[in-house]
Structures are given as C-alpha cells and as structure tokens.
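Here are some friendly notes to read alongside the model.

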Amino acid sequence: MKRAIAFAAIALFAPLTLASTPVLDARQENQQDRIEQGSASGELTAHEAATLEAQQQHIENKEDRAKADGVVNPRERAALQRSQDRASKKILQQKHDQQDRH
Ligand SMILES: [Ca+2]
Ligand SMILES: [Ca+2]
C-alpha cells in the first residue's frame, strides 16, 4: 500500500521536464524493493543480490547519461525500459533458481 501511495506521489509531483523520468524512477524503486525483499527472505544469495544491485546501478548510470543533454528522448526512454525489463526477468529468475541462502 505504501508503495502505491509513493507511485501516486511521484506521478503527481514529479516536475514535468523533458529530462524527468518518473516512470523509470518508480520502476527502479520497485526493483530495489524486490531485491531487498529477496535478500530478506533468503531467496537471493548475497552474490545474487549484489549482481542484481550492480545491474540497477548500471541502469542508473545509463539514465544519467541519457539525461546529460537535458532531454530523455523516446529512444532513450525505450532503451531504459528494456533494461528494466531484462533486470526484472533476472530478479524473477534468481529468486526461483533454488539457490538460496538456506
Ligand atoms: Ca538524452
Ligand atoms: Ca536464488
């Protein structure tokens, strides 16, 4: 529930500039929560969690590069969404690969 409120707040208050990426930022937050949740539940090993965190960091860097010229154009947005699609699949895989902390 808290997350739904956060999403709504982001949608309402994000400044609507050409470089703002509220949808991507919300997704990033969501992925981060999923990784943390997987770590806490033991579905992710420390190594898996670190790899997934690094992947999120990589996407964050890519987002920074996309923003560097002041505009995140549709092509850049699509590329970032695809990166998050891949990250999302990877998180799901790692949570269900039967390798866990226990
Ligand atoms: Ca750009
Ligand atoms: Ca796992």
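This is a predicted model: local features need pLDDT of at least 70, side-chain atom pairs count only at pLDDT 80 or more; totals for chains, interfaces and linings use all residues.

1. Of its 102 residues, 16% are buried. Among contacts between residues at least 6 apart in sequence, 69% join residues at least 24 apart.

2. Which residues bring α2 and α4 together? On the α2 side they are Leu24, Arg27, Gln31, Arg34, Ile35 and Gly38, and these meet Leu80, Gln84, Ala87, Ser88, Ile91 and Lys95 in α4. Sorted by class, this contact has five nonpolar, four polar and three charged residues.

3. The next pair is α2 (residues 22–41) with helix α3 (residues 46–67), whose axes lie 10 Å apart at an angle of about 170 degrees. That angle makes α2 roughly antiparallel to α3. From α2, the contact uses Leu24, Gln28, Gln31, Gln32, Ile35, Gly38 and Ser39. From α3, it uses Ala49, Leu52, Glu53, Gln56, Ile59, Glu60 and Glu63. The residues of this contact divide into five nonpolar, six polar and three charged.

4. How do α3 and α4 run, roughly parallel or roughly antiparallel? Their axes come within 10 Å and cross at roughly 175 degrees, which makes α3 roughly antiparallel to α4. α3 contributes Glu48, Leu52, Gln55, Gln56, Ile59, Lys62, Glu63 and Ala66 to the contact. α4 contributes Glu76, Leu80, Ser83, Gln84, Ala87, Lys90, Ile91 and Gln94. By class, the contact of α3 with α4 has six nonpolar, five polar and five charged residues.

5. In soluble globular proteins, nonpolar side chains tend to be buried together. The largest nonpolar core here has eight residues: Leu24, Ile35, Leu44, Leu52, Ile59, Leu80, Ala87 and Ile91. Which elements give two or more residues to this core? They are α2, α3 and α4, and α4 gives the most, with three residues.

6. Not counting residues up to four places away in sequence, Ile35 touches Leu44, Ala49, Leu52, Glu53 and Ile91. Leu80 sits in helix α4 and is buried, as 21 other C-beta atoms lie within 10 Å. Beyond its neighbours within four places in sequence, Leu80 is in contact with Leu24, Ile59, Lys62, Glu63 and Ala66.

7. Is His58 buried or exposed? This residue of helix α3 counts as exposed, with 12 C-beta neighbours inside 10 Å; the exposed class takes residues with 12 or fewer. His58 and Ser83 are 25 residues apart in sequence, and their C-alpha atoms are 9.4 Å apart in space.

8. Ala40 belongs to helix α2 and counts as exposed, with 10 C-beta neighbours inside 10 Å. How far is the C-alpha atom of Ala40 from that of Arg101, 61 residues apart along the chain? The separation is 9.8 Å.

9. A last one for the backbone check. Most residues other than glycine have a negative phi. The phi of Gln98, however, is near 65 degrees, a positive value in a residue other than glycine. Gln98 lies in the segment after α4 and counts as exposed, with 5 C-beta neighbours inside 10 Å.

Key:
Residues are numbered from 1 along each chain as its sequence is written. Chains are lettered from A and ligands numbered from 1 in the order in which they are written. Axes are lines fitted to C-alpha atoms, for helices over the stretch in contact, and angles run from 0 to 180 degrees between N-to-C directions. Helices (H or I, at least four residues) and strands (E, at least two) are DSSP runs, numbered from the N terminus. Angles under 35 degrees count as roughly parallel, over 145 as roughly antiparallel, 65 to 115 as roughly perpendicular and the rest as oblique. Two residues are in contact if their C-beta atoms, placed from the backbone, lie within 7 Å. Ala, Val, Leu, Ile, Met, Phe, Trp, Tyr, Cys and Pro count as nonpolar, Asp, Glu, Lys and Arg as charged, and the others, Gly among them, as polar. A residue is buried if 20 or more other C-beta atoms lie within 10 Å of its own, exposed if 12 or fewer, and partly exposed in between; C-beta atoms are placed from the backbone. A nonpolar core is a set of buried Ala, Val, Leu, Ile, Met, Phe, Trp, Tyr and Cys residues joined through C-beta atoms within 7 Å.
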